Amino acid sequence: MRSLPSLAFGIGLSALAAGLAASAQAATASLRGAAMPEGYARISLAFDEPTPMRVRVSNGVLIVAFGSPVTIDVGKIVRELPEHLSVARIDPDRRGMRFALARPYKANLIEAGDKAFIDLMPENWTGLLPGPPPEVVADLAERLRLAEARNRAAAPAPAAPAAPLSLRGAALPTLDRLIFTAPPDTRLRHELAEGRLGLTFDKPVPVDASAIRKHLPEGVALTSHETSEGATRLVLSVPQDRQ
């Protein structure tokens with residue numbers, strides 16, 4: 001039975017350690033309030049990292065819930081919005097704030113990256129809801145542009161187009177040699193029949209027909225060429241006496 005106090009002491013230390021860890025990981029935010037010319041009040045928050053939020057009004061209290069603990073000072077907000085708020089406090093676990101409303105209001109939340117805006121509008125508010133400040137919209141657009149630019153810069157460069165099939169000839173005393181230049185590891189299959197020499201390369205390679213014709217031996221002609229998804233085929237006409 002004497003071990004019970006020791007056990008309770010160990011649990012207390014664990015809870016304290018967990019609380020300190022949560023504190024080290026808590027986001028930080030600034031808070032300010034302003035009455036807007038359009039007839040509503042705006043509570044603005046700026047976080048050091050994006051933090052999800054929810055808001056609701058219940059029994060004359062604006063309740064703000066954070067997705068994670070937040071370190072924030074609510075001391076000045078009532079002085080900044082004396083006609084809208086009477087009391088402000090942060091929850092003990094720092095996962096929320098509560099504001100006593102001076103009169104009934106409707107609340108609307110706008111989240112914009114690491115910023116958020118809570119608008120308090122009269123219950124008889126009609127028309128469009130207020131939007132984020134123009135400078136915030138411009139900042140988000142610029143961040144998006146920079147992110148897209150970084151993604152484009154990090155994307156692999158498109159593969160260079162394959163060089164066209166090239167040909168050079170070598171005239172020897174007893175034969176003419178045709179030497180083709182194709183991509184590495186290209187295999188060549190050929191067949192000769194009825195005066196036609198068929199050459200099939202097992203890779204799709206662009207064909208510059210005029211350049212190939214320029215280097216063919218006398219009497220040999222390129223009659224057709226075709227490049228498909230998996231191969232390139234040339235057909236040459238060859239004189240009977242050279243077969």
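Guide: The answer below begins with the whole chain, turns to a pocket and its surroundings, and ends with other places along the chain.

This is a predicted model, in which local features need pLDDT of at least 70 and side-chain atom pairs count only at pLDDT 80 or more, while totals for chains, interfaces and linings use all residues. Residues are numbered from 1 along each chain as its sequence is written, and side-chain values use heavy atoms, with hydrogens and water left out.

The chain has 243 residues, and 28% of them count as buried (under 20% relative accessible area; exposed is over 50%, and partly exposed lies in between, with a 1.4 Å probe and protein chains only). Its secondary structure consists of four helices and 15 strands (DSSP runs, H or I of at least four residues for helices and E of at least two for strands, numbered from the N terminus). Among the contacts (heavy atoms within 4.5 Å) with a separation of 6 or more, 49% are between residues 24 or more positions apart. The chain exposes about 15700 Å², and carbon and sulfur atoms supply 56% of that area (Shrake-Rupley method, 1.4 Å probe; for residues, only the protein chains shown count as cover).

Four elements each supply at least two residues of the lining: β1 (27-35), β2 (41-47), β9 (115-122) and α3 (134-154). The largest contribution, four residues, is made by β2. In terms of class, seven lining residues are nonpolar, two are polar and four are charged (Ala, Val, Leu, Ile, Met, Phe, Trp, Tyr, Cys and Pro are nonpolar; Asp, Glu, Lys and Arg are charged; the others, Gly among them, are polar).

Ser44 is located in strand β2 and is buried, with a relative accessible area of 10%. Apart from neighbours within four places in sequence, Ser44 is in contact with Ser30, Leu31, Arg32, Ala116 and Phe117.

Phe117 also touches Leu109, a residue of strand β8 (residues 105-112). Met53, Arg54, Val55, Ala116 and Ile118 are among the other residues that Leu109 touches, not counting those up to four places away in sequence. Leu109 and Leu120 are eleven residues apart in sequence, and their C-alpha atoms are 9.2 Å apart in space.

The aromatic residues come next. The structure holds three aromatic pairs (ring centres of Phe, Tyr and Trp, the last by its six-membered ring, within 6.5 Å; planes under 30 degrees apart are stacked, over 60 edge-to-face, and the rest tilted). One of them joins Tyr40 and Trp125 edge-to-face, at 5.7 Å centre to centre with 90 degrees between the planes. Tyr40 lies in the loop between β1 and β2, and Trp125 in the loop between β9 and α3, so this pair ties together parts that are 85 residues apart in sequence. Both Tyr40 and Trp125 are buried. Phe180 and Phe201 form another edge-to-face pair, at 5.5 Å centre to centre and 70 degrees between the planes. Since Phe180 is in strand β11 (residues 176-181) and Phe201 in strand β13 (residues 196-201), the pair ties together parts that are 21 residues apart in sequence. Phe180 is buried at 18% relative accessible area, and Phe201 is buried at 4%.

Some loop residues complete the account. Asn59, in the loop between β3 (53-58) and β4 (61-66), has a positive phi of about 55 degrees although it is not a glycine. Asp185, in the loop between β11 and β12 (188-193), likewise is not a glycine and has a positive phi of about 65 degrees. Asn59 is exposed at 79% relative accessibility, and Asp185 is exposed at 71%. Gly195, by contrast, is buried at 12%, in the loop between β12 and β13. Gly195 and Pro239 are 44 residues apart in sequence, but 6.2 Å apart in space, C-alpha to C-alpha.
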